[in-house]
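Dear colleague,

Please find below the sequence and structure that I am handing over to you.

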Amino acid sequence: MQTLVIPLVPELPQLLDAPATGTAWVVTATLLAGAVATPAAGRLGDMYGKRRILLISLASMVLGSAIGGLSDSLTPMIVGRTLQGLAAGVIPLGISIMRDELPAERLGSAIALMSASLGVGGALGLPAAAFLAGYTDWHVLFWAAAVLGALAIVLVLTIVSESSVRTGGRFDLVGTAGLSVGLVCLLLAISKGSDWGWSSGPTGGLFAASVVVLVLWGRWELRTTRPLVDLRVTARRQVLLTNLASTVFGFAMFAMSLILPQLLRLPEAAGYGMGRSMLVVGLVMAPSGLVMMAMAPVSARISKARGPKVTLMVGAVVVAAGYGLNMALMSAIWQLVLVSAVIGVGIGLAYGAMPALIMAAVPVSETAAANSLNTLMRSIGTSLSSAVAGVVLAQMTVTLGSVTFPAQSGFRVIMGIGAGSALIALVIAAFLPRRHPTEAMSDSRTATTTSVETSTAG
């Protein structure tokens with residue numbers, strides 16, 4: 001869903017007969033909907049059944065894809081993309097179902113693969129989307145997504161059983177509304193700041209509103225008996241530091257997705273561009289997705305032997321090394337393939353470790369909500385990365401004739417920022433406790449089981 005429309009972005013104004021400022025919402029709507037839906041889906045899964053909410057999320061994706069497949073104007077397209085974004089909770093819900101259902105010896109590699117799919121899907125989806133957009137009618141992109149979503153629904157109905165682990169209680173509607181408003185204001189300001197101006201009234205107003213709303217939301221969550229996000233659990237050292245590292249790491253990871261496509265797409269006249277098609281861009285990025293998938297079992301083995309803290313730290317070092325390599329190697333396609341693969345190794349390692357760190361520190365009954373918040377933190381990091389990269393490339397330009405391009409030095413600055421962000425994530429991870437994840441998970445399972453039994457007996 002994240003990369004589905006990327007090949008279409010330059011052509012959307014013509015395809016939808018709308019201005020570019022309007023078609024930008026085809027991307028923004030999915031981002032905002034995903035940010036709102038992810039924590040809500042996690043809490044609803046903990047309360048009413050993760051499989052049930054998983055199916056509802058997939059149904060939303062199928063419906064949104066079908067609407068997109070039938071759209072030839074802006075409004076229904078935005079509606080469809082919003083519904084697609086509401087399915088963003090499927091990753092944390094899937095990880096939580098695995099924790100409830102899988103035996104311990106399979107859990108580590110399973111959640112590592114599921115978590116890495118956040119990167120894998122985007123990396124493999126881009127070449128597929130570019131191919132379909134280039135050789136078929138663009139509506140086929142959405143119909144293909146609808147078919148895949150329907151297939152996923154059938155497989156979930158056939159294979160996945162509903163977990164018996166539930167918290168019950170009443171859903172926190174006030175908390176959900178507060179977090180939604182706060183996140184929409186924050187992410188809208190980040191995503192539109194470069195267009196509106198970072199010092200403009202709308203951007204500043206949205207940032208201020210997000211701060212006020214999120215502070216009030218935090219006070220509400222601390223006082224209500226059934227919060228959407230248990231901030232006391234979130235404040236635990238391991239959860240807090242993992243979420244912080246996830247945000248920084250999401251920032252570092254997304255820089256690759258912003259740099260490499262532009263280097264490939266810029267005309268050769270710029271002196272450092274390669275003038276390649278979007279399909280070539282997708283093929284260059286695809287190996288990183290395959291590498292992420294291959295690293296999932298490696299991530300699980302390192303976490304089992306040394307703990308997920310070490311895995312996260314190793315992943316951060318590899319990502320930083322990848323960006324350092326990119327600063328020197330950026331003049332040939334094979335070099336960009338190598339760089340994307342190296343960074344993919346680091347992302348696969350780190351993304352596999354994050355859910356293990358989260359689940360080692362929260363009760364089983366709050367797994368989906370905790371994983372959803374962690375996924376949201378990564379998304380906020382990627383949004384910040386996009387905004388920062390946009391500012392850097394807008395300020396550092398070169399002009400050839402009447403055409404202005406981002407300067408090569410601007411790309412190197414972003415690579416340096418990406419490497420620095422990965423190293424910051426490394427420092428944050430160094431302060432995580434050394435407790436072995438297996439012990440913590442076992443303790444949390446026992447504690448939750450005891451709590452459920454006591455509640456039932458009462």
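Phe251, Ala255, Ser385, Val388, Ala389, Val392, Ile414 and Ile417 form the lining of the second largest cavity. Please note that the model is a predicted one. Two or more residues of this lining come from each of helix 12, helix 16 and helix 17 (408-430), and helix 16 provides the largest share, four residues. By class, seven of the lining residues are nonpolar, one is polar and none is charged. The volume of this second largest cavity is about 40 Å³.

In total, two cavities of 30 Å³ or more were counted. The largest cavity has a volume of about 120 Å³. Its lining consists of 15 residues, and Val229, Asp230, Thr234, Ala369 and Ala370 are those nearest its centre. Helix 3 (25-48), helix 11 (231-234), helix 12 (237-265) and helix 16 each give two or more residues to this lining; helix 16 gives the most, with three residues. The lining of the largest cavity comprises 10 nonpolar, two polar and three charged residues.

Helix 16 (residues 367-395) also packs against helix 9 (residues 173-196): their axes come within 9 Å and cross at roughly 25 degrees. Because angles under 35 degrees count as roughly parallel, helix 9 is described as roughly parallel to helix 16. Helix 9 contributes Leu183, Leu187 and Ile190 to the contact, while helix 16 contributes Leu376, Ile380, Ser383, Leu384 and Ala387. Seven of these contact residues are nonpolar, one is polar and none is charged.

With kind regards

Technical notes:
Residues numbered from 1 in each chain as written. Predicted model: local features only at pLDDT ≥ 70, side-chain atom pairs only at ≥ 80, totals over all residues. Heavy atoms only, no water. Axes fitted to C-alpha atoms, helices over the stretch in contact; angles between N-to-C directions. Parallel < 35°, antiparallel > 145°, perpendicular 65-115°, else oblique. Contact = heavy atoms within 4.5 Å. Nonpolar A, V, L, I, M, F, W, Y, C, P; charged D, E, K, R; others polar. 1 Å grid on protein atoms, 1.4 Å probe; cavity = no way out; pocket = protein on both sides within 12 Å on 5 of 7 lines; lining within 4 Å. Points joined across faces, edges and corners; volume = space filled by probe spheres on them.
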